[in-house]
Amino acid sequence: EILRLANLVKHLPEQEQLNALACFRNEYSSLSEPEQFGIVMSGVKRLRPRLNALLFKLQFEEQVNNIKPDIMAVNAACEEIKKSKSFSRMLELVLFMGNYLNSGSRNAQSYGFDLSSLCKLKDTKSVDQKTTLLLFVAEVCEEKFPEIIRFTDDLQHVEKASRVSAENLEKNLKQMERQLQQLEKDLETFPPAEETHDKFVTKIFAKYAKEHYQKLVIMHSNMGLLYQNLVEYFVIDSKKTTVEEFFTDISNFRSMFMQAVKENVKRREAEEKQRRVKMAKEKAEREKLERQQKKKRLLEMNAENDETGVMDSLLEALQSGAAFRDRRKRAPRPKADSSCLYILSSSGE
């Protein structure tokens with residue numbers, strides 16, 4: 001419905017053209033459908049103001065829903081950042097570490113730093129390139145200052161606030177103001193209804209729209225004050241840093257810190273897994289070595305048992321005389337053949 005009405009307003013012929021079409025009212029049946037439609041529309045008094053007012057009414061809730069949540073998100077984000085003690089502690093920790101790293105340089109003992117520098121912690125790497133300053137800060141918070149990690153829960157609205165364009169808010173409110181002014185002007189100049197069923201003036205929601213617009217203006221003004229106080233608190237030039245830029249820096253740092261915490265958890269889990277694998281490997285090697293040593297001892301014991309058994313058997317044989325009996329039982333030497341002796345004797349003669 002809104003789209004059709006918007007297209008009708010966009011492509012509505014000028015009043016002169018509508019008046020020209022009205023001259024062919026008597027030939028209505030012979031005209032084409034677009035021309036017939038034009039003749040019908042030409043009979044409506046103050047057609048364009050009516051259509052603009054109806055379109056404004058149909059689009060009003062959508063306009064409010066596009067403006068109000070953004071203002072509320074920025075207001076909430078300002079309050080969260082200002083009140084979060086965890087975020088303040090985080091800034092203190094980052095400042096302390098920065099001064100420690102810069103000790104001896106001209107930047108040592110600084111009293112503060114630009115909030116946009118928070119995202120640069122991820123780019124500051126260790127000498128071995130294996131970790132970053134952001135990962136180190138997250139690890140320190142986990143081990144020493146776990147209450148600081150809660151700042152990620154405190155700053156719930158910074159992500160949405162980072163998508164708010166203060167410039168677009170200004171434009172949308174200005175557009176709504178112009179539409180209201182035009183509506184009020186049309187209502188003042190609109191002639192009395194000629195027909196009893198013409199309820200255009202009584203149905204217009206000018207009062208309702210104006211009240212909501214004024215509430216939005218107050219909320220927007222309050223947003224500007226909260227943001228101005230916040231940037232002054234952090235010594236930031238509001239003319240050089242837009243609402244979108246400011247909250248984008250905070251939102252990005254929040255996301256980076258949450259990711260750093262997850263990476264630290266994964267790293268510790270990987271290290272623990274490697275430690276368990278190493279311990280299992282060392283245990284397997286020890287058990288293998290113990291088995292080898294046990295096997296070696298068994299072989300040595302068997303060898304010793306074999307030697308001991310031989311000696312025991314020999315001693316037992318000596319003690320019992322069995323060794324000598326065996327010697328006596330050996331077969332006697334064979335006697336010399338008599339014929340051989342005869343031959344020897346004969347040759348001697």
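User: Which pattern does the protein follow, read along the sequence?
Analyst: This is a predicted model. The protein has 14 helices and zero strands. Read along the sequence, the pattern is α-α-α-α-α-α-α-α-α-α-α-α-α-α.

User: What percentage of the residues in the protein is buried?
Analyst: Buried here means under 20% relative accessible area. The protein has 349 residues, and the buried part of them is 27%.

User: Among contacts with a separation of 6 or more, what percentage comes from residues 24 or more positions apart?
Analyst: The count takes in contacts in the protein with a separation of 6 or more. Of these, the share from residues 24 or more positions apart is 77%.

User: Are helices α4 and α9 roughly parallel or roughly antiparallel?
Analyst: Helix α4 covers residues 47-83 and helix α9 covers residues 166-189. Their axes are 10 Å apart, at an angle of about 150°. Angles over 145 degrees count as roughly antiparallel. That makes the arrangement of α4 and α9 roughly antiparallel.

User: Is the crossing of α4 and α9 left-handed or right-handed, and which residues of α9 make the contact?
Analyst: The crossing of α4 and α9 is left-handed. On the α4 side the contact is made by Pro49, Ala53, Phe56, Phe60, Gln63, Val64, Ile67, Asp70 and Ile71. On the α9 side the residues are Leu169, Asn172, Leu173, Gln175, Met176, Gln179, Leu180, Leu183 and Asp186.

User: How many residues in the contact of α4 with α9 are nonpolar?
Analyst: The contact of α4 with α9 includes four polar and two charged residues. The number of nonpolar residues in it is 12.

User: Are α4 and α11 roughly parallel or roughly antiparallel?
Analyst: The axes of α4 and α11 come within 9 Å and cross at roughly 25°. The crossing is left-handed. Angles under 35 degrees count as roughly parallel. The two helices, α4 and α11, are therefore roughly parallel.

User: How many residues in the contact of α4 with α11 are nonpolar?
Analyst: Four residues of the contact of α4 with α11 are polar and four are charged. The nonpolar residues number 18.

User: Which helices do the buried residues of α3 pack against?
Analyst: Helix α3 spans residues 33-42, and its buried residues are Gln36, Gly38, Ile39, Met41 and Ser42. These buried residues pack against α1 (2-10), α2 (15-22) and α4.

User: With which residue does Lys210 form a salt bridge?
Analyst: The structure holds 11 salt bridges. In the one formed by Lys210, the closest N and O atoms are 3.5 Å apart. The pair links distant parts of the chain, with Lys210 in helix α11 (residues 206-233) and its partner in helix α9, 26 residues apart. That partner is Glu184.

User: How many residues apart are Glu271 and Arg267?
Analyst: Glu271 forms a salt bridge with Arg267, and the closest N and O atoms are 3.2 Å apart. Both residues lie in helix α12 (residues 243-320), about one turn of the helix from each other. In residues, their separation is four.

User: What separates Arg276 and Glu272 along helix α12?
Analyst: Arg276 forms a salt bridge with Glu272, with the closest N and O atoms 3.5 Å apart. Arg276 is partly exposed at 46% relative accessibility, and Glu272 is partly exposed at 29%. Because they are four residues apart in helix α12, what separates them is about one helical turn.

User: What is phi of Gln129?
Analyst: Most residues other than glycine have a negative phi. Gln129 lies in the loop between α5 (85-101) and α6 (133-143), and counts as exposed at 54% relative accessibility. Its phi is positive, near 65°.

User: What is the relative accessible area of Val235?
Analyst: Val235 is found in the loop between α11 and α12. Val235 has a positive phi of about 55° although it is not a glycine. Val235 is exposed, and its relative accessible area is 73%.

Terms used
Residues numbered from 1 in each chain as written. Predicted model: local features only at pLDDT ≥ 70, side-chain atom pairs only at ≥ 80, totals over all residues. Heavy atoms only, no water. Axes fitted to C-alpha atoms, helices over the stretch in contact; angles between N-to-C directions. Parallel < 35°, antiparallel > 145°, perpendicular 65-115°, else oblique. Left-handed = near helix turned anticlockwise from the far one by under 90°. Contact = heavy atoms within 4.5 Å. Nonpolar A, V, L, I, M, F, W, Y, C, P; charged D, E, K, R; others polar. Buried < 20%, exposed > 50% of the residue type's maximum accessible area, 1.4 Å probe, protein only. Salt bridge = Lys/Arg side-chain N within 4 Å of Asp/Glu carboxyl O.
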